Amino acid sequence: MKTKFSIILGLFTFCFANAQQEDQVNSEMNSAKGITFAHGDMFVEGALQIATGGDRDYYAFNPKFGYFLNDKFAVGGQISFSSDKYESTDTKTNIFGIGGFARYYVLELDKKRFKAYGEAGLGYGRNKIEDNTGSDDSNSLTANINVGLNYFVTKNIAVTFVLANLLSYNSVSPENGPSSNTFELNINLFNNIFDQPKFGLLYKF
């Protein structure tokens, strides 16, 4: 009887320990510890930028799809939409764009949960400006280099922050009027973190 009881107790202990170990393994698998990228990995990402209050209301949405060529370098495509309205002048600008980007991850911290990157993008946009006198359409060509980071909360999901645009170029060609070109170089990242708050979510698969 004691032998049977010992066997039953042993089996129960083994099953319980095995279940705990499986739960621990599953938990670790679903955590963000040790996250790495590899050739063939893909991601979808959506970034959101909002500025409201006072004279200006602005929002922008920028979904992306990326494909990793190796453990640090990814390329992909994106679309974007933004709306910028000034109450004092009753002027509204809507922009729709498409483009491509290349992203390189330069730093990993916190057991590889935290990943910082630099990204270069090139895009084409269709702009529409409306005010009290009517509306005007134009085309734009943009190029930029920015700095951002991902923080993985699970092995597949990360919060994304775009910290600053280091360099940006914008060429606008209105249907009625002369073309204009602007070039900006920003080296003070800490100011830009607050001047351009932009965040979103990334899903890696």
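Biologist: How many residues stand between β5 and β6 in their hairpin?

Modeller: This is a predicted model, and in this model the β5 and β6 hairpin has 2 residues between its strands. Strand β5 covers residues 114-131 and strand β6 covers residues 134-152. The two run antiparallel and are joined by 18 bridges. To follow the pairing by eye, take Ile 129, which stands opposite Asp 136 in β6.

Biologist: How many bridges pair β6 and β7, and in which sense?

Modeller: β6 and β7 pair over 15 bridges, in the antiparallel sense. They also form a hairpin, with 4 residues between them. One place to look is Asn 146, which stands opposite Asn 165 in β7.

Biologist: Is Ser 138 buried or exposed?

Modeller: A residue is called buried when its relative accessible area is under 20%. Ser 138 has 5% relative accessibility, so Ser 138 counts as buried. This residue is found in strand β6. Leaving aside residues up to four places away in sequence, Ser 138 touches Gly 125, Arg 126, Asn 127, Val 172, Ser 173, Pro 174 and Glu 175.

Biologist: Which residues make up the largest nonpolar core?

Modeller: The general idea is that in soluble globular proteins, nonpolar side chains tend to be buried together. Here the largest nonpolar core has 12 residues in all: Ile 35, Phe 37, Phe 43, Phe 68, Ala 74, Phe 101, Tyr 105, Tyr 117, Phe 152, Ala 158, Val 162 and Leu 202. The elements that give two or more residues to this core are β4 (91-109) and β7 (157-174).

Biologist: How many salt bridges does a search of the whole structure find?

Modeller: The search finds 7. One of them joins the side chains of Asp 84 and Arg 56, at 2.8 Å from N to O. This pair links distant parts of the chain, with Asp 84 in strand β3 (residues 73-86) and Arg 56 in strand β2 (residues 56-68), 28 residues apart. Asp 84 counts as buried because its relative accessibility is 15%. Arg 56, at 31% relative accessibility, counts as partly exposed.

Biologist: Where in the chain are Glu 119 and Lys 64?

Modeller: First the contact: the side chains of Glu 119 and Lys 64 meet in a salt bridge, at 2.4 Å from N to O. Glu 119 lies in strand β5 and Lys 64 in strand β2, 55 residues apart, and the pair links distant parts of the chain. A charged residue still has to be checked for burial. Glu 119 is buried, with a relative accessible area of 4%, and Lys 64 counts as buried at 11% relative accessibility.

Biologist: How far apart are the closest N and O atoms of Glu 108 and Lys 115?

Modeller: They are 2.5 Å apart, and the two residues form a salt bridge. Glu 108 is partly exposed, with a relative accessible area of 32%, whereas Lys 115 is buried, with a relative accessible area of 1%.

Biologist: Which residues do salt bridges with shared partners join into one network?

Modeller: The network holds Glu 45, Lys 64, Arg 103 and Glu 119. To find it in the structure, start from the Glu 119 and Lys 64 salt bridge.

Note on methods: Residues are numbered from 1 along each chain as its sequence is written. This is a predicted model: local features need pLDDT of at least 70, side-chain atom pairs count only at pLDDT 80 or more; totals for chains, interfaces and linings use all residues. Side-chain values use heavy atoms; hydrogens and water are left out. A nonpolar core is a set of buried Ala, Val, Leu, Ile, Met, Phe, Trp, Tyr and Cys residues joined through side-chain atoms within 4.5 Å. Buried means under 20% relative accessible area, exposed over 50%, partly exposed in between (1.4 Å probe, protein chains only). Two strands pair if DSSP finds at least two bridges between them. Contact means heavy atoms within 4.5 Å. A salt bridge is a side-chain nitrogen of Lys or Arg within 4 Å of a carboxyl oxygen of Asp or Glu.
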